[in-house]
Amino acid sequence: MTITTATTSANEQTHFRTCTLCEAMCGVEIKHDGDKVLSIKGDKGDPFSKGYICPKATALQDLHEDPDRLRQPVERTADGWKTISWSEALDKVATGIQSIQQKYGQNAFGVYLGNPNVHNMGGMLTVKQLLTGLKTRSRFSATSIDQLPHHIVSMHLFGHMLRIPVPDVNRTQYMLIIGGNPLASNGSIMTAPNMRQKLKDIKARDGKVVVIDPRRTETANIASEHHFIRPATDVLLLLAMLNEIYAQGYAKVDSRAAMLAPEIGRIADFAKDYNAESVAGITGITANEIKRLVKEFCEAESSVCYGRMGISVQAFGLLSQYLSMVINIVAGRLDEVGGLMFPNPAVDVVNSSGPGYLGKRHSRVSNLPDFNGEYPVVAMADEMLVEGEGQLKGFMSVAGNPVLSTPNGEKLDAALSELEFMVSLDYFVTETSRHAHIILPPVSPLERDHYDVTFNGFAVHNVAKYSPALFSKKDNEKHDWEIYLALADRLDKDAPEATQKERAATKAFGPKFLLEQGLKYGPYKEVTLDTLIDNPHGMDLGPLHRMLPEAIKHADKQINLNVDFYQADVARVKEMMQQYDHNEILLIGRRHVRSNNSWLHNSHRLVKGKSRCTLMLHPKTAEQHSIKDGQNVRVTSRVGSVVIAAEVTDELMPGVVSIPHGFGHGRKGVQQRVAQAHAGVSVNDLTDDAFIDQLSGNAAVNGVPVQLEAIAPAALDLATDHLETAKSDAESSNAA
């Protein structure tokens with residue numbers, strides 16, 4: 001066995017690990033002198049990322065050293081935040097939770113899990129202990145503002161919510177990307193570092209990359225071709241493509257995957273009413289172009305259709321993801337080299353977790369279905385605000401900032417302020433955690449062991465890598481998993497003996513004890529914790545390979561297309577077409593490679609330079625509303641209004657505007673000085689909690705109707721005065 005930190009000079013040491021700031025799993029090489037980081041660069045020995053990193057990796061140092069980061073629990077008092085001991089904080093949190101539940105019932109206390117949880121080995125392997133201890137059905141997570149449609153489709157078709165196939169991007173000849181921008185995300189439900197090079201490689205081998213998006217994104221700029229599409233009309237394009245596959249005679253009903261799908265014969269009529277001509281006027285893509293795309297896709301040596309956020313978080317998100325999957329199946333591209341393939345991770349979470357379920361219960365106020373025990377986040381604020389039995393009176397946010405990341409943030413902001421008790425597990429005082437009575441801060445990413453429990457399951461090449469903590473935590477600091485277990489002990493003292501034994505073993509040996517068990521029962525007997533420690537750069541487990549029918553978790557080993565469930569939603573599509581308003585201005589979000597939600601806006605290196613929080617709009621749209629480049633614009637939706645500077649650009653198609661996700665740091669009481677200096681506005685003060693995908697309950701944050709109003713100079717002065725007052729209030733709050 002070797003150690004991962006090797007001395008390279010008298011004081012300088014080198015440590016290899018995985019960056020945990022997005023899904024890409026890039027290997028990093030960190031030079032350090034004791035507890036001081038000297039440099040962070042790509043690890044050329046990493047078999048997955050091969051030396052590539054994006055600019056976010058430097059934020060590992062910024063996050064660790066951030067003077068605004070909390071290291072000790074704090075309690076909100078009339079005189080401001082007060083540092084308290086861990087034992088006092090944990091006791092008060094447990095007492096607060098129990099008081100709410102004893103007074104109002106178990107489900108009167110809710111919990112929200114943010115997406116940083118899935119980047120945390122200890123958190124992922126032990127969060128079930130926390131949830132068991134809370135004993136509440138009022139659970140929410142970032143899943144329903146992101147990838148919920150992927151999970152439901154995979155649960156239906158393949159028998160498990162995590163059995164999600166990914167593009168074999170390293171070998172495909174034709175990649176169709178609908179509503180995805182992998183150059184900004186480095187994948188997303190497709191763990192793939194250095195997507196720029198991967199897409200260039202497709203073109204270099206005489207392949208083709210086609211992007212369908214309302215914005216000419218960074219990915220579209222290097223693609224072979226790009227087509228604008230009206231937001232939230234992707235479902236029409238996909239229906240027409242499915243129709244054309246049959247009309248042009250390309251359906252491969254005898255492919256290996258199709259032969260495993262008993263209902264495949266019914267798919268021929270699924271989209272029979274939606275030909276290319278019928279959808280062209282609404283989508284903005286001509287009938288001839290749609291037909292050509294289908295022909296090229298089906299005639300390519302290998303091809304894959306990849307749909308991501310743009311088609312998930314809109315009014316037909318679930319149906320769109322289903323159609324994307326069905327197109328891959330019907331075209332003979334599922335479980336084929338260069339198509340859509342299943343990863344085979346060393347720790348197979350699929351085999352150690354439940355398959356998932358939809359609609360066992362429904363939310364109290366909005367009657368939305370739960371998924372795997374979680375209600376949609378769009379229901380969260382109403383559950384706090386609407387009186388009656390089951391009303392949320394207490395709440396816990398874990399590694400999340402839903403005030404900025406969920407629809408109608410102002411409404412949730414108000415709802416959180418009325419709770420009787422709230423606790424946050426966070427290392428900053430954010431727009432959400434500022435409402436907490438107690439904040440419990442975990443250690444930084446560099447102070448914890450890491451193995452990608454989740455994202456190896458979405459990787460475009462099979463790998464495994466374990467990294468011990470770079471820095472040891474201080475005696476007065478705690479890991480996430482230590483916080484979870486400490487609360488579980490206080491809240492669930494009568495837990496079954498097996499649960500108590502697992503908690504005791506995890507406390508004694510850390511979550512790597514659970515990782516070791518996962519590896520033991522995984523598909524690679526040669527991959528053990530010891531061998532991973534001996535290979536600090538990671539282990540190459542080979543390219544994706546065919547896994548059907550073994551990958552299917554249904555007992556009969558067949559693909560269940562669940563046609564009736566999805567075909568019922570086509571009636572809603574017809575209604576949308578009949579009522580479509582071409583004159584509406586539609587809002588979409590956007591992300592940047594330097595910005596991962598709201599996490600990283602307190603990193604000075606990642607927010608420096610020209611402001612990225614702008615309203616992008618096409619010159620024609622700007623002219624119609626008398627808007628000049630750089631001018632402030634009031635953007636209004638059904639639920640709110642923001643003032644933001646215009647960025648006039650032909651990157652957007654006419655009639656579409658875009659505001660980036662994750663900003664809005666000007667709220668009073670936030671204690672992140674860099675983020676506040678680059679506050680911007682929150683796009684989720686405009687997105688609508690009543691605007692959802694009715695089939696799944698997923699938030700629809702793309703395609704939101706808005707109105708635009710150019711602010712005249714006099715009004716602009718007033719707005720500036722208002723913003724200066726808000727800034728002054730924030731600075732005063734920070735000083736306090």
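This is a predicted model: local features need pLDDT of at least 70, side-chain atom pairs count only at pLDDT 80 or more; totals for chains, interfaces and linings use all residues.
Local features require a pLDDT of at least 70 and side-chain atom pairs a pLDDT of 80 or more, while totals for chains, interfaces and linings use all residues. Residues are numbered from 1 along each chain as its sequence is written, and side-chain values use heavy atoms, with hydrogens and water left out.

**Confidence**
- The protein chain has an average pLDDT (the predictor's confidence in each residue, from 0 to 100) of 94, and 95% of the residues score at least 70.
- Residues 1-7 stay under 50 in pLDDT, and the model gives them 19 contacts beyond four places in sequence; contact means heavy atoms within 4.5 Å.
- Residues 716-736 also have a pLDDT below 50, with 11 contacts beyond near neighbours in sequence.

**Nonpolar cores**
- A nonpolar core is a set of buried Ala, Val, Leu, Ile, Met, Phe, Trp, Tyr and Cys residues joined through side-chain atoms within 4.5 Å.
- Buried means under 20% relative accessible area, exposed over 50%, and partly exposed in between (1.4 Å probe, protein chains only).
- The largest nonpolar core comprises 103 residues, and Ile267, Phe270, Tyr322, Ile559 and Leu561 have the most contacts inside it.
- Apart from this core lies another of 30 residues, among them Ala142, Ala379, Leu392 and Leu412.
- Leaving aside residues up to four places away in sequence, Tyr322 touches Val153, Leu157, Ile267, Phe270, Leu561, Asn562, Val563 and Tyr566.

**Helix H18**
- Helices (H or I, at least four residues) and strands (E, at least two) are DSSP runs, numbered from the N terminus.
- In helix H18 (residues 512-520), the buried residues are Leu514, Leu515 and Leu519.
- Viewed down the axis of H18, these buried residues fall within an arc of 140°, so they line one face of the helix; the arc is that of the directions from the helix axis to the C-beta atoms.
- Their cover includes helix H3 (121-134), strand S20 (450-451), strand S22 (466-467), helix H17 (497-509) and helix H19 (529-534).

**Helices H9 and H10**
- The axes of helix H9 (residues 276-283) and helix H10 (residues 287-299) come within 8 Å and cross at roughly 115°; axes are lines fitted to C-alpha atoms, for helices over the stretch in contact, and angles run from 0 to 180 degrees between N-to-C directions.
- Ala276, Glu277, Val279 and Ala280 of H9 make the contact with Ala287, Ile290 and Lys291 of H10.

**Arg216**
- Arg216 lies in the loop between strand S11 (208-212) and helix H7 (218-222).
- Arg216 counts as partly exposed because its relative accessibility is 25%.
- Beyond residues up to four places away in sequence, Arg216 touches Asn221, His226, Phe228, Asp650 and Glu651.
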